[in-house]
Amino acid sequence: MEVVCPIDEKCAPEIAALLQPPPPREIQDYLDQLLASREGCRLKVRQDGDFGKGVYADVDFKEGELLLRDQMLFGCQHPSNKIDCLVCSFCFRFIGTLELQIGRRLFFQDLGLSSSHGCDTGSCSNVSNEHGASDSSDGDNVTDEKIYEDSRTCASGSKRAKVPLPKEIVESLMNGEMVLPYSDKFSLPPVTPCSGGCQEAYYCSKACADADWNSFHSLLCTGEKSEAFSTKALLRFVQHANETNDIFILAAKAIAYTILRYRKSKAILLSSYMKDTAHVMDNFHMPLLLEAWKPISVGHKRRWWDCIALPEDVDPSEEAVFRMQIKELAFTSLQLLKAAIFDKECEPLFSLDIYGQIIGMFELNNLDLVVASPVEDYFLYIDDLPSPEKEEAKKVSQPYLDALGDEYALCCEGTAFFPLQSCMNHSCHPNAKAFKREEDRDGQATIVALKPISKGEEVTISYIEEDLPFEERQALLADYGFSCKCVKCQEES
């Protein structure tokens, strides 16, 4: 049975306006502003009518040189990963203390709640995105983000059995009574709780807490100071997203972000008018909504149920049924979100078409969010100490390492949309890649040069495994809506 959303028909003209890409000049101005806000960025974004957007070097770059650190527009930590890693809900830096990070992981592990998966190959790299990381500006982009590739090891030797610690020792770690040797070398920002009182979001600073509150969280907080229409409905939405697909959390952030931008612009506009505010809003309502929506309008979008790759376990003859199920799943999520944060003046945002396009944008553009754990750094540091300091430190630290087992090096994992990185086009023979360096300790996307790049040359990345055979690469890229015609593909075809 076909899914019908009444808002799609009711707000058809407004939805069409939202889905109409802004004029090229407006897009370019927005992208130029983003580039100017990235410290030390020496790249340019150009628009091409046939190939969408592309990123180009504005200077010569050497192999291994940093090209871009891109701040995410929307991001979320995977729900299961929140058990293992306490990070800032806005910038995704690890927070608290080393002892707290280890203690809470052991606490949840003893309760049987730890996700207990990690770096099986010995490095926190190649973390796959369950949503299918992908796309560039107009149907082509992205790769899994790798960190410390071939430069770190998460564990050594064969797989170890975990050796549990007494409850009182775990508690002493969490409450600060126990201090591990040399942990002062790995200081972390103190924990700042959510001002809304939800006890779900925590931050590395008041600045991050305020930024998150003003950007999304004031509408998505389940605490007593939440501005949501119904926190009970919001809890049901979050539960559904956690049980099905956390890409819905990102979609909720996109809608909340747009609503809050609209309200802020409306308040500024009305403050300049003393009379006849209703007439003012009649004339400026849609322009305000379009301006609030602009950061999302720039991203390449397709409806989620149309662009999601067909899983290997679904027979091609069942594709239509599968895509209808995905559409129904999105509609269920949308209804739960609508009950939680609906805003009448932003009603078009709650149409199934808009919701599907937002999720599709994430499906086609998202990059893995990965931040290395200081717990891993700590145990590697202890292992590298000279004797006799190493032996003395291990008398204290080794029982905690044994209790954590091979999962001691779990990274913060999630998914995120990066507005500039998403403009990078694909090549099966790329000249750049997403790569976390030793100093990269937050959720920003880091792009480095794989080879020398000349001024004016396009910066490309691969969002599939480029060493696959030609036919397999083309089949994978077809899910993103294009056929690759890079030099490598032309030679192999």
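Colleague: Which kind of link do the side chains of R25 and D32 form, and what is the N to O distance?

Modeller: Please keep in mind from the start that this is a predicted model. The side chains of R25 and D32 meet in a salt bridge, with 4.0 Å from N to O.

Colleague: How many salt bridges does the structure hold?

Modeller: The structure holds 25 salt bridges, and another of them is formed by the side chains of R323 and E319, at 2.9 Å from N to O. R323 counts as buried, because its relative accessibility is 16% and the cut-off for buried is under 20%. E319, with a relative accessible area of 30%, is partly exposed.

Colleague: Which residues are linked with R437 in a network of salt bridges?

Modeller: The network links R69, R437, E439, D440 and D442. Within that group, R437 forms a salt bridge with D440, and their closest N and O atoms are 2.8 Å apart. Both R437 and D440 are buried.

Colleague: Now I would like to turn to sheets. In what order do the three strands of the open sheet lie, and is the pairing parallel or antiparallel?

Modeller: As a general idea, strands of a sheet pair through backbone hydrogen bonds, either parallel or antiparallel. In this model the order is β4-β9-β8, and the pairing is antiparallel. The edge strands are β4 (74–77) and β8 (367–371), each of which pairs on one side only. From one strand to the next, the twist averages 30 degrees.

Colleague: How many bridges join β8 to strand β9?

Modeller: Five bridges join β8 to β9, the strand of residues 412–417, and one place to look is V370, whose bridge partner in β9 is E413. The pairing of β4 with β9 extends over four bridges, and there F74 stands opposite F417 in β9.

Colleague: Which residues of β4 are buried on one side and on the other?

Modeller: The general idea is that in a regular strand the side chains alternate between the two faces of the sheet. In β4 both faces are covered, with F74 and C76 buried on one side and G75 and Q77 buried on the other. Helix α9, which comprises residues 247–271, lies across β4 and β9 and runs at about 140 degrees to β4.

Colleague: Could we finish with a single residue in a loop? Where is the place of K301, and is K301 buried or exposed?

Modeller: K301 is in the loop between α10 (277–297) and α11 (304–307). With a relative accessible area of 15%, K301 is buried.

Colleague: Which backbone oxygen does the side chain of K301 reach at 2.8 Å?

Modeller: At that distance the side chain of K301 reaches the backbone oxygen of G299. A polar atom of the K301 side chain also lies 3.3 Å from the backbone oxygen of S297. If we leave aside the neighbours within four places in sequence, K301 is in contact with W293, I296, Q357 and M361.

How values were computed. Residues numbered from 1 in each chain as written. Predicted model: local features only at pLDDT ≥ 70, side-chain atom pairs only at ≥ 80, totals over all residues. Heavy atoms only, no water. Helix = DSSP H or I, 4+ residues; strand = E, 2+ residues; numbered from the N terminus. Buried < 20%, exposed > 50% of the residue type's maximum accessible area, 1.4 Å probe, protein only. Polar contact = N/O pair within 3.5 Å; in protein donor to acceptor, adjacent residues only side chain to side chain. Contact = heavy atoms within 4.5 Å. Pairing = 2+ DSSP bridges. Axes fitted to C-alpha atoms, helices over the stretch in contact; angles between N-to-C directions.
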